[in-house]
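The following exercises are to be worked through with the sequence and the structure at hand. Each task is followed by a solution in steps.

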Amino acid sequence: MSVIQTINASRLKIMGSVLLLVVIAGVSYQIYQYWPLWLKTSVIWQRQLNLSLTELLQSTQEQPFHAGLLLIGVSFLYGLLHAIGPGHGKLIITTYIATQPTQLKQSVVLSLLASLLQGLVAIVLVSVILIIFQLSTRHLHMIGQYSEKLSYAFVILLGVLCCFKALRQGWKIRQKKAASVLKIQSVSVLNSTKPNAVIKPPSNVEPICGCGHQHVLAHHQLHTNLKTQAIVVLSMGLRPCSGALLVLLFSYVIGVYQWGILAALAMAVGTALTICAIALFVYSMRNVATQMVKSKGFTWSPYWGIAISLCAGVIFILLGLLMYQSLILNEVVSPLLAPRSR
């Protein structure tokens with residue numbers, strides 16, 4: 001009877017896994033089919049919202065309260081839609097969450113911080129360059145490009161750090177496997193009533209034992225994770241939001257800069273919510289894949305994790321290099337957009 005129940009349970013698990021795969025494949029196909037249409041619709045809505053932002057900014061001169069509240073709401077919607085399109089921030093956060101052992105809270109916090117930093121960078125750049133130092137928009141463009149290049153440099157640094165961590169972990173596992181961790185200090189018969197009948201565990205228990213698995217995070221690893229997460233936020237957030245820059249510039253020109261700042265912050269909050277939703281989706285898919293692997297009884301070798309981290313590191317390095325190169329090429333191809341020296 002128990003054998004039949006075990007077989008039925010196994011069949012149910014297999015059917016459930018197959019059904020889940022079919023659902024995921026169906027949803028992915030639908031997203032693939034309708035993604036261009038959604039993206040096109042999103043762009044059209046963004047243009048309409050851009051016009052609305054311009055009109056509302058002008059209206060804040062006559063009706064500050066009413067038009068200002070509408071401006072904040074429209075800016076929030078613009079941020080929600082603007083984050084749907086392709087961008088380097090989404091590629092960084094999705095790759096990082098999919099390949100690194102992040103928790104749900106960490107994924108949400110990283111997405112929020114990076115999106116808010118983008119808005120703050122735009123506000124700081126416009127405030128410092130145009131208002132405090134009274135420089136021209138050409139200088140703003142030049143500093144904005146430097147900030148963008150710095151963001152790409154952090155992407156490359158993130159890739160190098162991921163590769164370094166993966167290689168160091170692999171080296172440690174090999175070292176631990178070669179060494180014997182458990183040392184028998186005393187042995188006696190099993191039916192003995194003497195207190196020394198128990199084999200004493202080693203006093204210096206380390207996070208990575210000889211079995212090849214890591215059971216707890218060491219202090220230096222926790223510190224390294226925080227450093228890596230800070231680099232993730234900087235690589236995403238140092239590039240100022242283009243929509244926020246336009247709103248701030250226009251509001252500065254027509255003399256309602258305070259409303260421009262509020263609109264840029266609302267835009268950053270909207271962007272953060274969309275990025276958080278994308279991060280939660282990737283986190284859920286990673287958990288589903290992990291549970292499916294566990295239900296199949298597959299033993300997860302630590303070397304798989306190392307290989308995935310290495311691939312993520314290489315992706316980050318290539319991504320940073322390509323974006324940096326595209327920015328340089330854009331300057332060469334479009335000399336009117338490039339910063340000029342007086």
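**Exercise 1.** Determine in which helix Leu321 is found, and state how far Leu321 is from Ala153 in sequence and in space.

*Solution.* Step 1: Leu321 belongs to helix H9, residues 302-333; helices here are DSSP runs of H or I with at least four residues, strands are runs of E with at least two, and both are numbered from the N terminus. This is a predicted model, in which local features need pLDDT of at least 70 and side-chain atom pairs count only at pLDDT 80 or more, while totals for chains, interfaces and linings use all residues. Residues are numbered from 1 along each chain as its sequence is written, and side-chain values use heavy atoms, with hydrogens and water left out.
Step 1: Leu321 has a relative accessible area of 45% and is therefore partly exposed; buried means under 20%, exposed over 50%, and partly exposed in between (1.4 Å probe, protein chains only).
Step 2: Leu321 and Ala153 are separated by 168 residues in sequence, yet their C-alpha atoms are 8.2 Å apart.

**Exercise 2.** Find the salt bridge of the structure and identify the parts that it ties together.

*Solution.* Step 1: The criterion is a side-chain nitrogen of Lys or Arg within 4 Å of a carboxyl oxygen of Asp or Glu. Side chains of opposite charge can pair when their charged atoms come close.
Step 1: A search of the whole structure gives one salt bridge. It joins the side chains of Glu148 and Arg239, at 3.3 Å from N to O.
Step 2: Glu148 lies in helix H5, and Arg239 in the loop between helix H6 (219-237) and helix H7 (242-254), so the pair ties together parts 91 residues apart in sequence.
Step 3: Glu148 is buried, because its relative accessible area is 15%, whereas Arg239, at 27%, is partly exposed.

**Exercise 3.** Classify the aromatic pair found in the structure.

*Solution.* Step 1: Rings of Phe, Tyr and Trp (its six-membered ring) pair if their centres lie within 6.5 Å; planes under 30 degrees apart are stacked, over 60 edge-to-face, and the rest tilted.
Step 1: The search of the whole structure returns one aromatic pair. The ring centres of Tyr252 and Tyr257 are 6.2 Å apart and the planes stand at 85°, so the pair is edge-to-face.
Step 2: Tyr252 is partly exposed at 31% relative accessibility, and Tyr257 is buried at 12%.

**Exercise 4.** Describe the backbone and the exposure of Gln134.

*Solution.* Step 1: Gln134 is situated in the loop between helix H4 (104-132) and helix H5 (137-178).
Step 1: Phi of Gln134 is near 55°, a positive value in a residue other than glycine.
Step 2: Gln134 counts as exposed because its relative accessibility is 56%.
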